[in-house]
Structures are given as C-alpha cells and as structure tokens.
Amino acid sequence: MEASLIDRGAALQERNRKVRFVLLAILVANWVVAVAKLVFGLMAQSASVTADGLHSFIDGSSNVLGLVAMGVASQPADADHPYGHGKFEALASLGIGAMIGVGMLELGRMAFDSLLHDKHPTVSVTMAAVMVFTLIINLIVTRVERHYGQKYKSSLLLADAQHTLSDVFVTIAVLISIGLVAMGFPRADGLVALAVMVFVARVAYGIVRQAVGILSDTARLDPAQVSQHTLAVSGVRSCRDVRSRGMEESVYVDLKIEVDPQLTTAQAHEVADKVEETLQGAYPQVVDVVVHVEPARVR
C-alpha cells in the first residue's frame, strides 16, 4: 500500500511538471500576441487595439500566476498541509476569474466611453491583418491549452483556456467593430464591446464557480455508486456516511463500513484494505481512502 501511495505521488509530481511546461509555452505565446497588439496599437494611436493588447497581457499575467501556483501545488504533503498543496491550483483559478472580472469592467468603461463620446478606432488594412494574426494564435493557444487541461485534468489549464478564449472574443469584437466603423457606423465599437462584456462575465462566473466548488469541498463522487462498489467487497455488511472532496485529479474519500463483530482486528483491517483497493481501482483519481470500521449492529 505504501508503495502504491509513493507511485501515485510520483505520478502527480510528473503531471504537475507537464502542466508547468504547458503554462510556460502558453505564456510565451500570449506575450507575443500582447506585444504585437500594443506596438501596433500605440503606433496607430488605436485605443481599442491598445486595450486589446492590455487584455492579452492579462492572459500572460495569469500564466505567471499559474506557474507560481503550480510550483507550490506540486510540493508534497507536509506537517502543515497533510493533504498536499493541490488547492493552491484552485486558488490560482480563482485569481484568473478575478482578472477576467477586472478586464470586464475595463471593457465596459471603454464601451460606454465610445458610445457617449463617439470614440472609435482608426481603420486600416494593416490593423485588420495584425488582429487576424493574433486571433489565429489565440485560437491555437486555446485549443492546445484545453486539450492538455483535459488530458492532465488540470482546473488551472482549463480555466486559463477559458481566459484565452475571452481574449479571442475580444479580438473578434474589435475586428467586427473595425468593419462596421469602415462601413459608416462609428458607434459600433461601443455596442460590440458591450456584447463581449456579457460573454466575459459568463466566463468569469464559470471559472469562479468551479474554483469555489473545489475550495468549499464540493462532493466529487456519487455516494450511491461508492456504496455499491464497497458493498461488493466480501465481508462488508453495510456502508454509510460516504464523503468525497478534492480536485478532479486528486480525490479524497472517507466512509464507514460495518463488518461481522466476530472478526479479529486483523481481519477487519484486511476488509478495509480491500475496500480501499476496490475504490482506487474503480476511481483512478482517488488518492486516499479512509475506511472507518464498525461492528455490525443487531437489527
């Protein structure tokens, strides 16, 4: 059993290393996009493109936050954190949600400023080309990050992919507004920005909801299914008080079972070990199972 726990710990360490590598690669891509938008936006004196560049820099900042968080989350369990440091990843996801919220407020300010003061970007073919280029990069980044987020079951990568997707929609909004302004609708910039703001708000809500679910110990496994697996173990007469918590890739379970009161301590312990092995076999994401053994009550 101890060897199994060591193997699981090593696998988690390797998983965290791969997540950090993906974050580093995405960081480079996000800042390439941000620099392209900012340099061109400042040269063309385009407020919308410059603001979009700042939004891309928020993506880069979230990657830095993620790298720091993963450095902490990958540390093994210790006396102060007996369940490990995995929740720091959820905290980072919560931070990303907050960053999206800040970006949403700035986007709303820009939209109302455009509508009230008739401000709009200066249209040029070069501007559109730069925005299309950055859009393609962001689409690739989102796809890659979502793929590895699902592969490694990383809430942080999935949250950051959603964040990058919000940048994709901001860029699309800027492209649409550029086209409408060129067609003679100068206030389109503000109207499109308001529509994007609603989408960004939904993204932020989804990320924050997921992170809060992890931090508040939302149940990860169906108690009825866990009980069914447990009752299939020879020697278990009943199963109750099933609880689970943790993250998608590292779930902790505790439950109570009743066994024949005539069993010796060693025999009862053997039944508990079988329950633990059964549940970890049925749920690969389960890293620890605490089985409370009680004598079967006379009914």
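Which residue just after H4 takes a positive phi? I looked there and found lysine 153, with a phi of about 50 degrees.

**Basis of the entries.** I am working from a predicted model, in which local features need pLDDT of at least 70 and side-chain atom pairs count only at pLDDT 80 or more, while totals for chains, interfaces and linings use all residues. I number residues from 1 along each chain as its sequence is written, and side-chain values use heavy atoms, with hydrogens and water left out.

**Confidence.** I noted pLDDT, the predictor's confidence in each residue on a scale from 0 to 100. Its mean over the protein chain is 78, and 76% of the residues reach 70 or more. Helix H2 (residues 47–73) has the lowest confidence, at a mean of 66, and helix H7 (residues 223–231) the highest, at 94.

**Overall composition.** I counted 8 helices and 3 strands in the protein chain. Helices (H or I, at least four residues) and strands (E, at least two) are DSSP runs, numbered from the N terminus. Along the sequence they follow the pattern α-α-α-α-α-α-α-β-β-α-β. Of the 299 residues, 44% are buried; I take buried as under 20% relative accessible area, exposed as over 50% and partly exposed as in between (1.4 Å probe, protein chains only).

I checked the length of H4: its 27 residues should span 39 Å at 1.5 Å a residue, and its end C-alpha atoms are 39 Å apart, which agrees. The expected span is 1.5 Å times one less than the number of residues. Among the buried residues of H4 are Met127, Val130, Met131, Asn138 and Glu145. Helix H4 (residues 125–151) packs with helix H5 (residues 155–182) at an angle of about 160 degrees, with the axes 8 Å apart. Axes are lines fitted to C-alpha atoms, for helices over the stretch in contact, and angles run from 0 to 180 degrees between N-to-C directions. H4 and H5 are therefore roughly antiparallel. I use under 35 degrees for roughly parallel, over 145 for roughly antiparallel, 65 to 115 for roughly perpendicular and oblique for the rest. H4 passes H5 in a left-handed crossing (left-handed if the near helix is turned anticlockwise from the far one by less than a right angle, right-handed if clockwise). The contact of H4 with H5 has 17 nonpolar, 8 polar and 4 charged residues. Nonpolar covers Ala, Val, Leu, Ile, Met, Phe, Trp, Tyr, Cys and Pro; charged covers Asp, Glu, Lys and Arg; the others, Gly among them, are polar.

**H7 and H8.** I found that the axes of H7 and H8 come within 9 Å and cross at roughly 130 degrees. The two helices are therefore oblique to each other, and their crossing is right-handed. Helix H8 (residues 265–282) has 18 residues and reaches 26 Å between its first and last C-alpha, close to the 26 Å expected. Its buried residues include Ala268, Val271 and Glu276.

**Single residues.** I looked up lysine 37 in helix H1 (residues 2–43). Lysine 37 is buried, at a relative accessible area of 0%, and its C-alpha is separated by 4.7 Å from that of glycine 53, 16 residues apart along the chain. Serine 114, in helix H3 (residues 87–117), is buried at 3% relative accessible area. Aspartate 241, in strand S1 (residues 238–247), has a positive phi of about 50 degrees although it is not a glycine. Aspartate 241 is partly exposed, with a relative accessible area of 41%.
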